[in-house]
Amino acid sequence: MTCLEMDAILSGGELTTEARQHLAGCPRCRALSQALSAAPAYKVDAAVLDRARGQVLQGLAPVRPLPPPGAFASLFLSIAGAIAVAAAALMRVRGLTSMSGSQAAVVFGLLLALLLGTSFVVALDMRPGARTVRGMVVSLVAIGAIEAVFLTLFSDYEAGRFLHSGVACFRMGLACAAATGAIAWLILRRGYVVAPVSTGASVGALAGLAGLAALELHCPIMNVPHLAIWHAGVLAASVAVGAAIGVWRRSA
Amino acid sequence: MEAYQNGDRDAANRLIETVSPALHRFFAVYTSDRRHADDLLQDVSLRIHKARHTYRPGEPMLPWLYAIARHVRIDGYRRREFERREAALEGVAEPAAPARPNDRSAPDLDYLLASLPESQREVISLLKISGLSLEETARATRSSVGSVKQKAHRAYEKLRSLLTAEVAS
């Protein structure tokens with residue numbers, strides 16, 4: 001057994017005969033093992049315990065545990081979907097009809113998958129100690145996947161009225177994202193967020209994807225520069241705003 | 001924990017008595033000021049109470065508990081840094097760092113942990129003092145098991161070197 005394998009034992013593995021032999025023969029690992037197991041008994045002052053107990057017992061009332069993450073994920077997904085469809089319906093659904101069948105299948109399939117994944121991450125973030133994914137990872141994956149699809153699936157690189165139509169799309173996308181983000185943040189308050197910046201980025205990604213979905217349904221412009229900058233920009237901007245709100249909440 | 005969620009006073013009492021020493025010890029690893037650890041314990045008790053509905057019956061409790069405690073510790077650290085800067089501006093002395101124990105026969109765990117970077121110290125204190133498993137530590141710190149293993153390995157290597165140097169001197 002090597003010192004590296006001994007690390008796994010020190011981190012909670014079973015002390016096997018091999019490990020005991022290694023400890024007997026390796027002074028470095030022996031010293032480390034002894035140092036780490038030399039934790040003395042620990043006591044808290046009775047007055048401190050009493051104060052803690054008083055705080056808890058004072059406001060003790062039955063509470064209902066949060067519904068499972070799946071329920072919240074479905075709620076987040078429904079809200080994002082409903083806002084995207086409602087916004088596109090209000091502005092006329094012209095994007096969907098401008099795409100070919102395969103383009104529509106890939107774009108909306110990816111959006112649905114990303115919305116589902118992000119909804120789950122946000123739902124898991126409502127519980128401390130849940131097995132979750134960092135908001136920045138979720139956001140980077142979403143932005144990367146969307147950009148990759150736009151760059152590979154569409155071939156028209158004509159800029160057209162890049163700024164004029166782009167700003168209009170960006171504003172519409174951000175409006176949808178703001179509505180989704182605000183509702184998601186209100187629901188999130190039912191849980192307990194331990195990493196506001198990461199969760200803020202995840203909520204931003206969810207909101208941005210809702211805004212992006214609305215744009216894909218509504219916008220008939222299929223130019224790569226327009227899609228890659230203005231449509232995907234809604235997602236990136238939402239993530240940035242979500243993370244910034246998280247930073248503000250953390251320091252508040 | 002489920003009885004506590006149902007409003008059982010005895011269960012709440014038992015929970016406080018069981019987890020308080022471990023949580024206080026978790027905070028004490030990061031501060032030489034025992035009163036600060038006392039304050040953090042008060043804070044975490046209140047937050048556990050407020051967040052008790054977020055615990056899911058049947059799930060492991062330690063990651064839930066230590067994720068909240070870690071959040072409280074980070075908040076407390078930020079608050080203390082702010083106070084320290086204010087105190088420095090006003091010329092008030094800072095509390096002393098953990099001192100090397102006089103008894104040099106036994107290595108002092110707090111002294112050893114103080115030599116580690118923040119993230120490695122956190123992982124070692126959760127694994128070796130709080131008694132969490134690798135998976136539970138990963139959940140409490142919002143990282144992967146691989147990342148926890150890597151931090152633990154680096155910490156062990158550093159501690160080995162430190163202990164070897166101590167023996168040599």
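The model is predicted, so local features need pLDDT of at least 70 and side-chain atom pairs count only at pLDDT 80 or more, while totals for chains, interfaces and linings use all residues; side-chain values use heavy atoms, without hydrogens and water. Residues are numbered from 1 along each chain as its sequence is written, and chains are lettered from A and ligands numbered from 1 in the order in which they are written.

**Fold of chain A**
- Chain A has eleven helices and zero strands (DSSP runs numbered from the N terminus: helices are H or I with at least four residues, strands E with at least two).
- The radius of gyration of chain A, taken over C-alpha atoms, is 25 Å, whereas a compact globule of 252 residues would have one near 18 Å (the rule is 2.2 Å times the number of residues to the power 0.38).
- Along the principal axes, the C-alpha atoms of chain A fill a box of roughly 75 × 55 × 30 Å.

**Burial in chain A**
- In chain A, 47% of the 252 residues count as buried (under 20% relative accessible area, with a 1.4 Å probe and protein chains only).

**A look at H24(B)**
- You will find H24(B) in helix α2 of chain B, which covers residues 9-28.
- H24(B) is buried, because its relative accessible area is 0%.
- Leaving out residues up to four places away in sequence, H24(B) touches Y42(A), V44(A), R34(B), A37(B), D38(B) and L41(B) (contact means heavy atoms within 4.5 Å).

Terms used
Buried < 20%, exposed > 50% of the residue type's maximum accessible area, 1.4 Å probe, protein only.
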